[in-house]
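Please find below a colleague's note on the model under review. It is set out as numbered points, to be read alongside the sequence and the coordinates.

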Amino acid sequence: MEVISTLSIWFIPIIIGIVLVYGTWKRVPTYETFVEGGKEGFHIAISIIPYLVGMLVSIGVFRASGALDALIDMLRPLLSLVGVPAEIVPQALIRPLSGNGALGMMSDILKNEGPDSFIGMLSSTLQGATDTTLYIVTVYFGAIGIKNVGDSLKVGFLADFVGIVAAIVIVTLMYG
Amino acid sequence: MINYIWVGMFVIGLVYAAITGHMEEVNEAIFKYAKEGVTLCFGLIFILVFWLGIMKIAEVAGLLNKLAMGFKPLLKKLFPEVPENHPAMGYILSNTIANLFGLGNAATPMGIKAMEQLKKLNHNRPEASRSMITLLALNTSSLTLIPTTVIAIRMKYGSAHPTDIVGTTLIATTATTVAALLIDRYFYHRRQKKNKYK
């Protein structure tokens, strides 16, 4: 574990060092090239704004109206029937839609139930098991102007479902 | 599909709020989340500018191509439509490595650059190509060695073993990634079949 966390701290600085030295060695006009790439980055960040604003407002309306909570309450008895703890349901459902929302719910669970409790372990694992499909589709495809996303959402959401199930099964086996 | 999900969340939310009397909260949420969308993008500017600047140097110097060459056999299997030594491969690899180390901030710019290259390969058509969906599947399943954010939050709430979740997360995320790639393949073959009978 020590090794991994040290590695992750050193990773970025080392990469930057390698790129700069290698670029200089290959006689790339480093600073001008950096600025050129940076401009592209700026343009991308600005071009994503409408995609994210649209998606976040839609999710926000869905949540604030109480419809999301109602959906969760409806699914709760069904899910607890197959061994899914009720406390985890909101986080599992929001995970593919809103990363920050899920992170907020995880913080809430860790605060109230304790990070080392069964639910705390499950909540932590769930957060790391999948990523926010809707956000990734919005940002990646928004940045390059893809209008027809094809099967992307189906693939992403199905994978999220597998991730949720995997997290529950593994944590139950190891700590349940 | 994204259109239906988008409108669906809106309409269900609005109708539900009208019935249960939560219109005030909804009204507030509209402006709060619109603002958050902009704030989020502004929060991305610094990292996109910096990383894409550095990566541009790596690209021009030929470093990305070198990197991609080492993993050619694996990438070739996952992305059969991308020609060897294409710059897309280098970006895909950088994106995956950044994800592995839990560097979500660094992964996003590389992922976007990879998508841009894949779009060029797809003759700039405004639709998601097979390779794009595969890259997306790789990203949404988030293969991670160290979930840094989660560990940090666990520490904040006084966990005695904040890194205990590394093992469970690794198993879960590996299972998810394998599943994501299989699901991606399944949908690809389904599309192929459909096209045949058209």
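1. The structure is a predicted model. Chain B contains 9 helices and 0 strands, and its pattern along the sequence reads α-α-α-α-α-α-α-α-α. The C-alpha trace of chain B spans about 60 × 55 × 35 Å along its principal axes. Of the 198 residues in chain B, 46% are buried. Among contacts in chain B with a separation of 6 or more, 59% join residues 24 or more positions apart.

2. Domains of chain B. The domain assignment divides chain B into domain 1 (1–61) and domain 2 (62–198). The centres of these two domains, taken over C-alpha atoms, are separated by 22 Å. Domain 1 of chain B contributes 8 residues to the contact between them, and domain 2 of chain B contributes 10 residues. On the side of domain 1 that touches domain 2 there are 7 nonpolar residues, no polar residues and 1 charged residue.

3. Helix 2 of chain B. This helix has 38 residues, and its first and last C-alpha atoms are 53 Å apart, close to the 56 Å expected at 1.5 Å a residue.

4. Contact between the chains. Chain B places 92 residues in the contact and chain A places 88 residues there. On the side of chain B that touches chain A, at least two residues come from each of helix 1 (2–20), helix 2 (23–60), helix 6 (104–121), helix 7 (130–140), helix 8 (148–156) and helix 9 (165–196) of chain B. Helix 2 of chain B gives the most to that side, with 27 residues. Sorted by class, the side of chain B that touches chain A holds 58 nonpolar, 23 polar and 11 charged residues.

5. The largest nonpolar core. Which residues touch the most other members of the largest nonpolar core? They are A:Tyr140, A:Ala167, B:Ile92, B:Met115 and B:Leu136, in a core of 109 residues. Domain 1 (1–61) and domain 2 (62–198) of chain B each supply at least three residues to this core. In soluble globular proteins, nonpolar side chains tend to be buried together. Leaving aside residues up to four places away in sequence, B:Leu136 touches A:Ile136, A:Val137, A:Tyr140, A:Ser152, A:Val155 and A:Gly156.

6. The loop between helix 6 and helix 7 of chain B. B:His123 is found in this loop. Its phi is near 55 degrees, a positive value in a residue other than glycine. B:His123 counts as exposed because it has 7 C-beta neighbours inside 10 Å. B:Pro126 lies in the loop between helix 6 and helix 7 of chain B as well. Is B:Pro126 buried or exposed? B:Pro126 counts as exposed, because 12 C-beta neighbours lie inside 10 Å and the exposed class covers residues with 12 or fewer. Even so, B:Pro126 touches A:Gly145, A:Ile146, A:Lys147 and A:Asn148, not counting residues up to four places away in sequence. Within chain B, the C-alpha atoms of B:Pro126 and B:Ser94 are separated by 24 Å, the two residues being 32 residues apart along the chain.

7. A positive phi in chain A. A:Arg27 has a positive phi of about 60 degrees although it is not a glycine. A:Arg27 lies in the loop between helix 1 (2–25) and helix 2 (30–64) of chain A. A:Arg27 is exposed, because there are 8 other C-beta atoms within 10 Å.

8. Helix 6 of chain A. Helix 6 (residues 118–129) of chain A has 12 residues and reaches 16 Å from its first C-alpha to its last, close to the 16 Å expected at 1.5 Å a residue. This helix is mostly covered, with 10 of its 12 residues buried. The buried residues include A:Gly120, A:Met121, A:Leu122, A:Gln127 and A:Ala129. Both chains take part in the covering, which includes helix 4 (89–94), helix 5 (99–113) and helix 8 (152–175) of chain A together with helix 8 and helix 9 of chain B.

Terms used: Residues numbered from 1 in each chain as written. Chains lettered and ligands numbered in written order. Predicted model: local features only at pLDDT ≥ 70, side-chain atom pairs only at ≥ 80, totals over all residues. Contact = placed C-beta atoms within 7 Å. Helix = DSSP H or I, 4+ residues; strand = E, 2+ residues; numbered from the N terminus. Nonpolar A, V, L, I, M, F, W, Y, C, P; charged D, E, K, R; others polar. Core = buried A, V, L, I, M, F, W, Y, C linked by C-beta atoms within 7 Å. Buried ≥ 20, exposed ≤ 12 C-beta atoms within 10 Å, placed from the backbone. Domains from an automatic or database assignment. Expected span 1.5 Å × (residues − 1).
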